[in-house]
Amino acid sequence: MDKSSPHESARGHVTGSARYCHDLPAPAGTLMLYPVMSPHAHAELLSIDTDAARMAPGVHAVLTAADIPGENDTGPIVHDEVLLPTNRISFHSQAIAWIAAETEAQAQFAAGLVTTKMQALPAILSIEAAEATGSFHGQTQILNKGDAAAAIDASTHVVQGEVRCGEQDHFYLETQASFASVDGDGHINVVCSTQHPSETQHIVARVLGLKYHQVSVTCLRMGGGFGGKETQANGFAALAALAAVKTGRAVKVKLKREHDMKLTGKRHAFRMRYTLGFSTDGLIAGLQAELIADAGWSMDLSPPVLMRAMVHVDNAYYLPAVALTGKLARTNKTSATAFRGFGGPQGLLLAEELVDHVARYLDMPAEQIRARNFYRKGAEITHYGQALTATDLPVGEPSRMSRIWNTLHQQGDYAPRKIAVQQFNQNANSANSKKRGLAMTPVKFGISFNKVQYNQAGALVLIYADGSVQINHGGTEMGQGLHTKMRTVAARVLGISERHIRVMNTSTEKVPNTSATAASSGADLNGQAVKAACETLRERLHEQTRLQLGLDESVDLHSADDAIHASNGTSLRFADAVLAAYNARINLSASGFYATPGLSWNMQSNTGSPFFYFSYGAALSEVEVDGLTGEWKLLRVDILHDVGDSLNPQIDKGQIEGAFAQGLGWLTMEEVVWDSDGKLRTFAPSTYKIPTICEIPKEFNTHLLSSATQPGTIFGSKAVGEPPLMLALSVRMAIKDAIAAFADGATHRTTEIGTVSRHPHESCTTSRHPRESGDPGTSNPETLSSSNLCLSTNNEPESSPHLGSRIRGNDGREIRENGEISHRTNAELRLACPATPEAILRAVMNITTKVSV
Amino acid sequence: MNLTANNSLKITINQQSHVLQSSTLGYNETLLKTLHKLGLQGTKEGCGDGDCGACTVAWCAPQKTYADDDHTLPARYLAINSCLVPTAQLAGSRVLTVEGISQLSAEPAALHPVQQAMIDCAGSQCGYCTPGFVMSLFCDYHANSLSDLSVEGNLCRCTGYTSIRQAIEKLKLQQPNPIPRHPRAGGDPGKVSILNQTDSEASANSLFLPTSLSEALTLKQTNPDALWLAGGTDLGLAFSQCGGATRHIALDQIPELQRLELTERALHIGGAVPLAGLLALLESHSSFEPITRMLHWFAARQVRNRATIGGNLGTASPIGDLLPVLLALDAQIVLAGPTGERTVNAADYFLSYRTTECKPDELVLRVDIAKPKPGCNSQSYKVGKRGSDDISIVSSCFQLGVDANNRVDFARLAYGGVAAVPIRAIAAENALIGVSATDDLLDIVKPILLSTLQPLSDFRANAAYRQQLIVNLFDKFLREQQANLHGEVHG
């Protein structure tokens with residue numbers, strides 16, 4: 001039986017009546033904001049002339065740094081992020097000033113009248129450039145377990161490699177939006193599309209020089225967030241509030257898509273270099289790795305993003321000895337920020353590349369290497385020191401991960417399909433230029449904010465005299481169904497129907513000092529707080545019920561079906577109990593609070609037990625790659641994911657499938673491209689491609705793990721927002737599998753990839769059937785592979801010196817390399833179809849020859 | 001030309017007729033902005049670019065666009081992007097928004113079946129894209145043509161689409177009621193020409209809506225700075241992003257440009273025929289497969305419902321998906337100007353980057369394409385970064401004919417995305433003439449293609465990859481045509 005309630009706003013969504021900040025009708029007299037943007041990525045800002053703009057029709061204010069009464073800073077952790085630049089431009093298109101005018105068109109016109117004097121400076125636009133010039137934010141982070149160097153030294157096999165991945169734009173459908181007004185008492189009211197109303201409140205107060213209690217922030221709902229409105233909304237709220245204070249008018253800012261993409265941060269690009277030691281069985285012995293993230297011009301949330309990447313390089317695999325260093329490249333780009341997974345996806349990407357490297361090196365099935373390295377009894381301590389629990393590794397049973405893995409292996413028909421794929425690839429004929437690939441990958445993801453103090457939540461529940469209920473909690477609704485789940489929690493505790501309960505807009509006036517709705521923790525934290533508040537109220541109502549029904553303490557009460565039932569068979573309707581409590585002058589509102597127990601994190605050693613529990617899942621993907629064009633198609637996906645005892649299976653499945661699609665986009669088609677001036681070239685959906693329905697296979701089977709109660713969580717459920725994004729790594733690995741089949745001919749498993757995924761049509765294969773060598777109608781895989789030149793290219797605009805391109809000859813030698821290698825693409829799957837697979841394997845994969853194969 | 005005295009626009013939105021005065025309506029104001037002014041906030045702006053579909057509304061054209069002008073037939077609503085189209089261009093049309101479709105049901109409070117299905121299947125998460133999905137589904141639901149492709153032009157960032165697909169499958173099982181065809185409530189479009197020539201301020205960004213070819217050509221002569229506006233799916237970006245401060249002559253309501261005819265010998269496509277109409281005709285006759293195939297790849301549903309072949313030839317993008325197909329099929333482009341009509345071969349039409357043989361005072365009246373002669377085989381190809389709704393990295397169309405001796409006697413290799421204009425590889429074509437079809441044709445053309453076509457690198461792909469595609473797409477064509485090319489010899 002599906003206990004899923006539909007999304008509490010579903011009717012509003014489908015009828016268009018659900019309101020968002022972006023389309024909130026503005027009262028008459030509201031001013032609109034429009035930015036003046038920098039033509040340089042890095043420059044000395046010498047002067048700004050706003051006189052002509054101020055005189056333009058409809059203009060009420062031109063905001064520059066000089067207008068800020070408080071602190072000119074929006075940095076959430078480190079105060080290194082100016083709201084408006086004073087003397088330094090730090091990234092291309094940075095807003096230098098904002099026009100407040102009566103219409104958007106007037107503001108846009110006036111923006112063109114602002115003139116500036118700037119002295120352009122050399123811009124740092126890549127991780128490589130940052131390394132070359134020593135341009136980093138903060139300290140290098142170190143995370144060690146055991147003696148990794150010694151473990152690698154003692155290993156039978158050692159490989160080295162490098163993995164890169166590019167940025168990803170959040171592409172929430174509702175762009176950043178804020179609406180601010182000042183009331184007669186000077187109180188600032190802000191409606192904002194924000195995942196973190198408390199922080200928005202703090203930043204507005206900081207910029208205006210006010211105390212927090214002088215600013216209220218409300219979030220109605222967001223048209224998507226994905227981490228992109230965790231800190232990124234704050235600055236726009238502050239600008240609207242600043243303009244409102246300055247003009248006395250209500251002020252709205254809603255970004256055009258182009259501005260949103262040019263002004264706001266994205267998922268971090270990473271470059272990760274590794275040395276890995278392992279045994280002939282494929283068991284990992286030691287890992288040394290350096291992770292460098294492109295943080296952009298300011299820190300924002302980059303330190304915790306980097307740390308989450310570092311603590312997730314294990315994925316589901318036991319790493320006996322580890323030595324990690326992590327750095328944040330400081331570049332003249334938008335400030336990279338939170339994005340679903342928060343560094344986890346990059347960490348897991350490295351983990352999956354590691355096991356894939358081992359498998360290809362040993363010529364063993366990758367799925368076997370994966371399962372072999374899973375955490376297990378006696379190998380249960382993560383590289384940061386947290387021990388897996390009896391829930392992860394139950395006594396006398398397979399581990400939670402293995403249970404998922406084995407079940408999916410069975411459910412997804414892995415074994416017969418692997419054979420079918422091999423047959424398909426062997427049956428290639430000259431008319432068919434396609435090969436297939438199949439891959440299964442696991443996900444293990446730590447749940448809780450690494451920073452212990454963020455793991456708290458509050459709620460305020462109000463029962464009105466007619467028995468209707470309002471819930472307020474600190475979490476925000478961005479489509480993930482948090483409000484729906486919170487209503488379910490309240491309904492279960494109070495024993496009433498969900499139709500009597502409304503979840504209110506998130507407001508700093510109802511719950512103070514909230515944490516961001518982030519880290520997949522929204523339901524975990526706020527659910528416990530809502531539950532606590534409802535339990536307090538239920539207790540008061542039970543006491544009143546005892547009085548009403550004349551029951552003593554020996555009679556048990558329980559709330560269900562809109563009533564309070566006594567174990568002696570009597571009962572009182574919920575609404576009657578409420579009215580009785582009101583008449584008896586009982587308090588019918590209560591706050592609830594929750595702090596996740598048992599967490600620890602040492603920020604010096606980067607060790608501890610930062611996670612309340614781990615989320616698990618696995619995915620099996622099959623793809624078909626066209627060797628002539630590099631186009632690929634996802635044929636089928638099977639997912640088994642662990643959400644504990646789901647609070648709402650329909651919502652959880654939606655989260656899993658949506659996250660998978662977003663991960664698929666990150667790994668295969670979404671490409672953020674900056675040109676050599678640091679200007680973003682992909683700032684609209686015409687140039688930045690997220691998946692459409694056509695990229696999602698019809699055969700898409702999502703299952704929730706059964707018998708998966710998680711102890712200590714809200715009704716045994718588990719977080720779901722982020723972990724399934726990384727299930728999409730199975731697609732990347734399946735594409736690699738298919739590409740290997742091209743190089744393979746009949747026997748070899750080979751080819752690599754060196755860097756991160758780019759979907760293969762960025763690289764090219766020429767797998768033309770050589771007609772001259774035989775009957776054109778017959779299949780001849782050997783000639784296919786032997787006749788092919790090995791050619792791989794990056795898709796780099798040649799105009800960008802930092803985006804080099806390289807082509808390898810079929811002996812693996814690099815023929816040409818312009819500048820540096822791509823830092824940014826999500827992909828760049830190198831299709832190598834070599835004459836001598838081993839040579840390519842060595843050269844492309846950069847395998848050390850320290851130990852012979 | 002017809003000018004109204006009160007300078008107003010009539011349009012029916014959600015069964016309610018609106019007269020929008022010029023004092024409140026900018027001539028180039030988009031339909032999306034007008035809807036928001038009317039308090040209809042349900043239609044969302046996601047990109048203002050025509051690429052995300054959040055602003056999708058259902059549009060019923062005011063006059064004969066297809067051969068279904070019979071008033072006994074149900075109304076035919078098409079999904080379009082309201083962010084790209086100036087409201088004034090839709091004079092006389094009927095528009096339904098997400099707020100309006102539940103009104104169509106018998107019970108006022110009831111949801112439309114597509115709305116109910118989206119709720120039942122959890123098709124919404126954040127809900128911001130949902131109105132657009134609902135309207136795309138609404139159109140195809142009533143046209144009995146629901147499939148995944150109904151929403152190919154709608155981006156959702158939350159659901160991963162599987163739940164939306166479930167809603168589609170559920171709706172496919174239902175029998176839709178026809179949408180009642182109301183009398184033309186929008187008024188006579190012929191009398192709604194949006195212009196006040198005496199008002200110089202207003203005329204600076206006027207939108208003309210001529211109702212005959214001669215009127216259009218005369219308007220252009222008296223307003224030489226005005227731009228032709230066909231479907232507006234490219235030019236519309238100016239309205240959406242910049243407010244569109246130029247004058248336009250919209251070609252929606254000119255019967256001469258609406259001809260669409262498939263005869264025994266040729267295909268005639270009027271300059272202002274929406275590509276969706278062309279696609280429907282060709283699909284129903286299983287004819288001109290290279291055009292059909294390319295049209296499926298041509299942007300998305302909402303764009304094809306407005307975009308025209310005249311607009312495609314007018315903007316003359318070097319990529320312009322359909323343009324290499326016209327080149328390979330030897331299309332004849334008929335231009336109309338003040339001195340009459342003239343016909344230009346597609347091969348002579350593209351002069352330089354976005355410059356064509358079409359003079360400023362001319363417009364594309366129609367395109368004529370003869371049916372390929374027997375023995376000729378043709379096909380089109382497109383590679384983009386994303387398989388659907390994307391701009392080409394390289395698009396191409398090939399045509400090969402063989403004579404009785406199985407020697408190539410006709411060759412066309414046409415490409416988009418590889419030069420400043422859509423281009424034919426004429427040297428490669430010439431090299432193939434007279435060659436036996438069983439020879440390795442690829443080996444013959446490969447060095448010529450690589451030496452004559454030098455594509456650029458950009459953010460979509462680099463030059464090396466484009467070069468490889470130039471060769472490999474022809475390779476793909478040859479592989480697919482293998483049976484045809486060898487048929488004569490091997491029997």
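Me: What do the buried residues of α3(A) pack against?
Reply: In this predicted model, they pack against β1 (31-37), α2 (51-55), β3 (59-63) and β5 (95-101) of chain A.

Me: And which residues of α3(A) are the buried ones?
Reply: E104(A), Q106(A), A107(A), F109(A), A110(A) and A111(A). Helix α3(A) covers residues 104-111, and six of its eight residues are buried, so the helix is mostly covered.

Me: Next, the open sheet. What is the strand order?
Reply: The order is β4-β2-β6 in chain A, three strands with antiparallel pairing. The edge strands are β4 (88-89) and β6 (115-120), each of which pairs on one side only.

Me: How many bridges hold β2(A) to β6(A)?
Reply: Six, in the antiparallel sense; β2(A) spans residues 43-49.

Me: Which residue of β6(A) does S47(A) stand opposite?
Reply: K117(A).

Me: Moving on to β13(A). Why is it described as largely enclosed?
Reply: Strand β13(A) runs over residues 269-278, and nine of its 10 residues are buried, so the rest of the structure largely encloses it. A residue is called buried here if 20 or more other C-beta atoms lie within 10 Å of its own.

Me: What does β13(A) pair with?
Reply: One partner is β8(A), residues 157-165, which runs antiparallel to β13(A) and is joined to it by nine bridges. Within that pairing, H157(A) stands opposite F278(A). Strand β14(A), residues 284-296, also pairs with β13(A) in the antiparallel sense, over 10 bridges.

Me: Which residue of β14(A) is the bridge partner of L276(A)?
Reply: L287(A).

Me: How many residues sit between the strands in the hairpin of β13(A) and β14(A)?
Reply: Five residues lie between them, and G282(A) in this hairpin takes a positive phi near 90°.

Me: Now chain B. How do α2(B) and α3(B) cross?
Reply: Their axes come within 9 Å and cross at roughly 125°, with α2(B) at residues 113-120 and α3(B) at 130-142. That angle makes α2(B) oblique to α3(B).

Me: Is the crossing left-handed or right-handed?
Reply: The crossing of α2(B) and α3(B) is right-handed.

Me: Which residues make the contact?
Reply: From α2(B), P113(B), V114(B), Q115(B) and M118(B). From α3(B), T130(B), F133(B), V134(B), L137(B), F138(B) and Y141(B). Eight of the contact residues are nonpolar, two are polar and none is charged.

Me: What about the interface? How many residues of each chain are in contact?
Reply: 74 residues of chain A are in contact with 68 residues of chain B. On the side of chain A, the elements giving two or more residues are α1 (10-15) and α17 (649-668). Helix α17(A) provides the largest share, eight residues.

Me: How does the side of chain A that touches chain B divide by residue type?
Reply: Into 30 nonpolar, 28 polar and 16 charged.

Me: Last topic, chain A overall. How many helices and strands are there?
Reply: Chain A has 20 helices and 31 strands. It has 853 residues, of which 63% count as buried.

Me: And what share of its contacts with a separation of 6 or more comes from residues 24 or more positions apart?
Reply: In chain A, 79% of those contacts.

Technical notes:
Residues numbered from 1 in each chain as written. Chains lettered and ligands numbered in written order. Predicted model: local features only at pLDDT ≥ 70, side-chain atom pairs only at ≥ 80, totals over all residues. Buried ≥ 20, exposed ≤ 12 C-beta atoms within 10 Å, placed from the backbone. Helix = DSSP H or I, 4+ residues; strand = E, 2+ residues; numbered from the N terminus. Pairing = 2+ DSSP bridges. Contact = placed C-beta atoms within 7 Å. Axes fitted to C-alpha atoms, helices over the stretch in contact; angles between N-to-C directions. Parallel < 35°, antiparallel > 145°, perpendicular 65-115°, else oblique. Left-handed = near helix turned anticlockwise from the far one by under 90°. Nonpolar A, V, L, I, M, F, W, Y, C, P; charged D, E, K, R; others polar.
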